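I opened my notebook to jot down what I looked up here, step by step. The structure goes in first.

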Amino acid sequence: MNGAANARAALVRWMESNGVTQSEIARRTGIPQTSVSRWVLGKAMPKIGAAVELERLTFGAVRVADWMTD
């Protein structure tokens with residue numbers, strides 16, 4: 001599994017274990033829900049700023065470095 005796939009899996013695990021929806025991530029970060037959906041589905045990767053927001057939101061469970069590594 002490559003870095004982006006690991007990051008997606010970590011994001012999904014974090015969402016499930018914390019009961020957080022894509023809409024809630026969007027609300028907490030200011031990132032459009034459609035973007036979050038595309039990341040979860042593996043159709044896109046977040047830009048660096050969004051990846052930083054995800055790392056902050058998840059307290060490091062979803063790391064910026066994982067999105068950037070293949």
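Predicted model: local features only at pLDDT ≥ 70, side-chain atom pairs only at ≥ 80, totals over all residues.

Which residues is leucine 54 in contact with, leaving aside its neighbours within four places in sequence? I went through the contacts and got Leu11, Ile25, Trp39, Pro46, Val62 and Trp67.

Next I looked up the largest nonpolar core, which has 17 residues. Leu54 turned up there again, among the members that touch the most others, along with Leu11, Trp14, Ile25, Trp39 and Trp67. I checked where the core comes from: α1, α3, α4 and α5 each supply at least two residues. The top contributor is α1, which gives five.

Trp39 made me turn to α3, residues 33-41, where I found Val36, Ser37 and Trp39 buried. Looking down the axis of α3, I saw that its buried residues fall within an arc of 160 degrees, so they line one face of the helix. I reminded myself that an α-helix has 3.6 residues a turn, so residues three or four places apart point the same way. Those buried residues of α3 pack against α1 (3-18), α2 (22-29), α4 and α5 (64-68). On the face turned away from the buried side I noted Thr34 and Leu41, both exposed. Just after α3, I found glycine 42 with a positive phi of about 80 degrees.

I placed valine 52 in α4, residues 48-57. Is valine 52 buried, partly exposed or exposed? Its relative accessibility is 40%, so I put it down as partly exposed.

How values were computed. Residues numbered from 1 in each chain as written. Heavy atoms only, no water. Helix = DSSP H or I, 4+ residues; strand = E, 2+ residues; numbered from the N terminus. Buried < 20%, exposed > 50% of the residue type's maximum accessible area, 1.4 Å probe, protein only. Arc of directions from axis to C-beta. Contact = heavy atoms within 4.5 Å. Core = buried A, V, L, I, M, F, W, Y, C linked by side-chain atoms within 4.5 Å.
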